[in-house]
Amino acid sequence: MSKTIVATREGASAPAPFTEAELREAIAARLYDTLGKAIQSASKHDLYMALSLVIRDLLIRRWRETTQAHYEANPKFVYYLSAEYMLGKQLSQNLLYTNMTEVAETTLKYLGLDLQEFLDLEAEPGLGNGGLGRLAACFVDSLATLDFPAVGYGIRYEFGIFRQTFVDGWQVEQPDNWLLRGNPWEFIQPDDMIEVGFGGHTEHYKDERGQPRVRWVPAQRVLGEPATTLAPGYKTETVNILRLWRARAAEEFDFQMFDTGNFARAVEQKIYSENISKVLYPNDFTPQGRELRLRQQYFFVACSLRDVIRRFELRNSDWSTFPDKVAIQLNDTHPVIAIPELMRILTDEVGLSWDSAWKITQGTFAYTCHTLLPEALEKWSVGLFEYLLPRHLEIIYEVNHRFLDEVRAHFPGDTARIARMSLIEEGSVRQVRMAHLASVGSHAINGVAELHSQLLREQTLVDFAQLYPQRFENKTNGVSPRRFMELANPKLSNLITSRIGEGWLNHMDRLRELEAFVEDPEFRAEWHAVKQHNKGNLAAFLHHSTGVQTDPATMMDIMVKRLHEYKRQVLKLLHVVTLYQRIQENPQVDIVPRTFVFGAKSASSYATAKLIIKLINSVAEVVNADPIVDGRLRVAYPANFNVTIGQIIYPGADLSEQISLAGKEASGTGNMKFALNGALTIGTLDGANIEIRDLVGPENFFLFGLNADEVFATKRHGYRPLEYYRQNVTLQRAIDAIGSGEFSRGDAGLFRPIVDSLLHHDEYMVLADYQAYVECQDQVAQVYRDVERWTRMSILNTARCGFFSSDRTIREYAHDIWDVKPVVVKK
């Protein structure tokens, strides 16, 4: 039977693996053989599962060929260790990557079904929270697309971080039960379970050669069971894997306890062990929460390293070649315990000397630091380490002893430097500094944007940069254009392809070719029409999810990102209040109508951030209900922002809010997603904003606020926020309205903590940047009135941001840090 020829989403013609008849037959077979359902009685979810399994089968063939090619080539592998993977829904991506989208759509239509309904049925994997996890997912995608042999490792969280809901404007955390109805994309592999120890004691002895050795005798053991998800590349045969671990009890059931009627105690060990993989980032404000977090981190690292070593030993036996075959990237500090774990395995189990093991360890690991905030550089109490991981603490002490000898040799007599650089922070509670351990135990340390990397070298890790300058480099983040352009914005992708041809999704530098069409009126009109269509989709989503009725013709002014004070959602809100007060003062005032969209989760224990969420929702309640506004301002805050919602918001945005205090944001990736989809950016010189502005041109970027040097200088000379308040009547009115109860149903005390913080502390200098921000927003409004000018700027933002493809980032890691080569898998 001849194969159907379909037009791919990018415009090329290619054979689909199945005809429509073959796909119908394969779905029916999966219904009967796997799900035990007849097609006549199958629910829509049954059909979703069957379709997903059929598409997974197509990937399995490529995975088998990839595995064989990797085995024969015995290449160096990249092993990416990350606590988060914010994958997004898988069916739409895997249909695209198997060239089955159109065939599936037509087949389902034949059955009286709609593909979009199936895509909506899928639960988004609850494996991440913000930029860290989405970056990891983009990297997994790019590694496969570029044919690099790679495995991603993490935890299979049963309930994710949480599902955000709002009750009277307050964030309420609900379990994210994403696995309730099964996950067709994973393989549970109990035969590959790995035993992980905790607690206990160490024993020092001499081996048969009389050499001193140490063995760890854990008091508790937990099993790590892998769930493997296929990670295909786009327009390639390569399929890598993502291996996520879930905790299982070594002894699940105590029959004697059960037999005596103590039913709860009979399964106590099972519950205690399996808590490890229940949720992402358990609240660490309690001792139990901190212990669970450290258990999580060691659990996934220990399982992953065992798997890495198993894979190494399939074709290799010489341990000195381990760094030639294995590159392990630590995605922030969460997996840094891998460094002493590898040392433990190499010295205690393999029997290597300390020096040999340390050379292998340093040659294997590389560390990405994702923060400049001191509180985000993880530390663990020595007491907790001693209780949970006694052997690892011994190894850390030995690493520290040798390292500080090296520091003394380079900086004799500098006792203050010794204290600053030690892996152990002295104080009332002695703590292990994980970022320091990563810096000592890795051969490469990178930041994720030019400014971020500079500040790492000059401030956050300055002592380490002075000792090891060759280790520090920059790798500016990127995003997957397949996910955030092709899948999120198909109309824009089709328009781009109509002008520059196919192939650009894997060669994003080609977006520059769009510049040739900027002065073409017909192209600008088409570009504007695509944006209006996407804004219509966004307006419909906002109405459905929040009940807020918005006009797609208004400026879509968007701020979606994790809720943290340094990101300054409060500054955005002060602007909303300022515009609202302009209308109150003069109902006839001519302002550009705007729809403000917020999207953010707060950590469950972050009280200030949760109060800010309440404030946003309270301002929305007042503004949206006031007839004097007359549709000119709308505020919408859809709950539970995730990848799926992002794929609606990014294409529909006019203005991207990237307004963190300069010197605080590591990079940001939302800024890149917005720019690639033609939104204009208003922002500070922070994170990757700097590189976006350099690439798109200052005339196509709305810049405001203090730069990092000015921030540091202002704080050094004594920052007094109350003076900004007293000198600015407009700012006074906005803050006073919040503090008076105008947005809290007369409760003047509700938002007083936010007001007091701004007036008397203002750590993130909201008041210092307020006036510049409002004036810049007025410039935004003026430009927005000129549709042709705005459209030109939108086109140029997309055309000049191809640099921010995660493919470019991965090529840089591969060449500069990992020294890995692609392995092309043949059909």
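Helix axes here are lines fitted to C-alpha atoms over the stretch in contact, and the angle between two of them runs from 0 to 180 degrees between N-to-C directions. The model is predicted.

Start with helix H12, residues 338-349. H12 packs against H15 at an angle of about 95°, and the two axes lie 9 Å apart. Angles of 65 to 115 degrees count as roughly perpendicular. H12 is therefore roughly perpendicular to H15. On the H12 side, the contact uses Pro340, Glu341, Met343, Arg344, Thr347 and Asp348. On the H15 side, Arg391, His392, Ile395 and Ile396 take part. By class, this contact of H12 with H15 has four nonpolar, two polar and four charged residues.

H15 covers residues 390-410 and has another partner, helix H13 (residues 354-364). H13 and H15 pack at about 90°, with their axes 13 Å apart. So these helices, too, are roughly perpendicular to each other. H13 contributes Trp354, Asp355 and Trp358. They meet Ile395, Glu398, Val399 and Arg402 in H15. The contact of H13 with H15 divides into four nonpolar, no polar and three charged residues. Look for Ile395 in both places: Ile395 meets H13, and Ile395 is also part of the contact with H12.

Now turn to strand E18, residues 444-447. Which residues of E18 are buried on each side? Ala444 and Asn446 are buried on one side, and Ile445 and Gly447 are buried on the other. Both faces of the strand are covered. In a regular strand the side chains alternate between the two faces of the sheet.

E18 also has strand partners. Strand E14 (residues 365-368) runs parallel to E18, joined by three bridges. Tyr367 stands opposite Ile445 there. Strand E19 (residues 472-474) pairs with E18 as well, again in the parallel sense and over three bridges. In E19, Phe472 stands opposite Ile445. Strands of a sheet pair through backbone hydrogen bonds, either parallel or antiparallel.

E15 and E17 (residues 431-433) run antiparallel and are joined by three bridges. Within that pairing, Trp380 has Val432 of E17 as its bridge partner.

H30 has 12 residues and reaches 16 Å from its first C-alpha to its last, close to the 16 Å expected at 1.5 Å a residue. Leu731, Ala734, Ile735, Ala737, Ile738 and Gly739 are buried in H30. An α-helix has 3.6 residues a turn, so residues three or four places apart point the same way. What covers the buried residues of H30? The cover includes helices H23 (569-585), H24 (607-625), H29 (721-727), H31 (752-760) and H32 (766-784).

Two loops close the tour. Between helix H9 (268-274) and helix H10 (287-315) lies Tyr281. Its phi is near 50°, a positive value in a residue other than glycine. Asn640 sits in the loop between strand E22 (633-636) and helix H25 (643-652). Phi of Asn640 is near 65°, also positive in a residue other than glycine. Is Asn640 buried or exposed? Asn640 is buried, because its relative accessible area is 18% and the cut-off for buried is under 20%.

Definitions and conventions: Residues numbered from 1 in each chain as written. Predicted model: local features only at pLDDT ≥ 70, side-chain atom pairs only at ≥ 80, totals over all residues. Heavy atoms only, no water. Buried < 20%, exposed > 50% of the residue type's maximum accessible area, 1.4 Å probe, protein only. Helix = DSSP H or I, 4+ residues; strand = E, 2+ residues; numbered from the N terminus. Pairing = 2+ DSSP bridges. Parallel < 35°, antiparallel > 145°, perpendicular 65-115°, else oblique. Contact = heavy atoms within 4.5 Å. Nonpolar A, V, L, I, M, F, W, Y, C, P; charged D, E, K, R; others polar. Expected span 1.5 Å × (residues − 1).
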